[in-house]
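Hi,

Here is the model for you to look over. My notes on the interface and the pocket follow it.

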Amino acid sequence: MFNAFSHLLIRDLRLALRARHELANPLIFFVLVVSLFPLAVTPTPELLQEMAPGVIWVSALLAVLLSLDRLFKQDYDDGSLDQLMLSPNPLVLLVLAKVLAHWLLTGLPLVLISPMLAVFMNVPADTIPIIVLSLLLGTPVLSLIGAIGVSLTVAVNRGGVLLSLIVLPLYIPILIFGANAIDVAADGLSVKGQMYFLAAVLALSLSLAPVATAVALRITASR
Amino acid sequence: MTMAHNMMLSTEKLVCVRDDRLLFRDLDIELGEAEVLQIEGANGSGKTSLLRILCGLRQADEGRVLWQGEDIHRSRDEYYSAMVYIGHLPCIKGDLTTEENIRSLLDTRSRSAAAKEIDEALNKVGLGGYEDVPSKALSSGQRRRILLAFLLLADASLWILDEPLTALDVRGVALLEQMIVDHRDAGGSVIFTTHHGMQLPCEMRSVSLGVVPRADLDMDDADV
């Protein structure tokens, strides 16, 4: 059973590494958006610092949103998704493998590059670990919740807008708490509350989202 | 019909409605060990819908599908271990090599195969030497042959094949026919759809899906 999980994970990583141009898209988007902001507003160091949490979190969220389609679209189009659903292994486990692969390929690179962007935005050095931690807890949730949305819209042609409408309301709490944690940390206060909230949401979505995704995929296939 | 064989797959009064059109109703199919069943019908008569219902991907509007006497949605694990479905979509990733494609298909069935086994299967379907070629470099007929190699390795007693002749050349068709006969001789069963007739050198039953008479449709509406 665990083999099915790891084999699917490896397959998805391998496929992504062979189509590298697609792999870099979310990362380039993230870097571009964050680095364009200081050019568009009059960049006093204080203003940049003030805006940094919001800009970084919104850009990360949109970067993940734009990459969500990749989760199931290709598998749906070429019929591989049917084969996954006909697997004797629990579909929830296979969904989890695909979501983990998606996070490793989109969320994790965003987390890793965020310290550099924080420096762009004049964030004080002691706040940078908070940015990394909040993204580390938040981006997996974005992938997990996004999977539910994609599994519902994968059969719809040009379902991008629909996907955003389904997923964005669920993303908002993550955005608020993630950006707020950085804000509060910059003021020198404790961010325990925000981090516990993000961790709790991660635990919740880790246990519930794959089940919801599996059910949604079965509904999509039954059409 | 004699019930000499063990019953594998059976359906009870299947009804399928698609976009407000009744495709078939009260369909009872029985398939025993070592039996080959052909589903015939014109385009749009519901062949693919029927196969997707039989393998549990699609929910029947009424009726149920039984695997060894038990509802397939309840005995999903056993059913899916014993059944392979190949639809009309390729299931092949262009960025993976032939061998990787076969392995990833086998992985979903928790089945591993030695390199030698894969080589043998590829030789049998005429893809010997293509192990390390990315599948995007293959023709569509060759990609269908990858699926045939997968069928050989899948170790399943029931094959459900949707339009298996698509994109195959004359020798490919002969190969598939031989595979079906061999599978049947080994005690396995096959359900397949086709709109061009397939001549198998073995016993074969067929079910025709046709247009449901208008009167039946009206009666249905009255029921609802």
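In contact (heavy atoms within 4.5 Å) are 26 residues of chain A and 29 residues of chain B. The model is predicted: local features need pLDDT of at least 70 and side-chain atom pairs pLDDT 80 or more, while totals for chains, interfaces and linings use all residues. Residues are numbered from 1 along each chain as written, chains are lettered from A in the order written, and side-chain values use heavy atoms, without hydrogens and water.

The two chains bury about 2400 Å² between them, 52% of it from carbon and sulfur atoms. Buried area is the accessible area (1.4 Å probe) lost on putting the parts together, summed over both. Gln83(A), Leu86(A) and Pro88(A) supply 28% of what chain A buries against chain B, more than any other three residues.

Five salt bridges are counted between chain A and chain B. The rule is a side-chain nitrogen of Lys or Arg within 4 Å of a carboxyl oxygen of Asp or Glu. One joins Arg14(A) to Glu100(B), at 3.6 Å, N to O.

Now the largest pocket. Its volume is about 420 Å³, the space filled by probe spheres set on grid points joined across faces, edges and corners. A pocket here is an open set of points on a 1 Å grid over the protein atoms alone, where a 1.4 Å probe fits, with protein on both sides within 12 Å along at least five of seven lines; lining residues have an atom within 4 Å of a point. There are 19 lining residues, and Tyr76(A), Asp82(A), Arg223(A), Arg52(B) and Leu89(B) are the closest to the centre.

Best wishes
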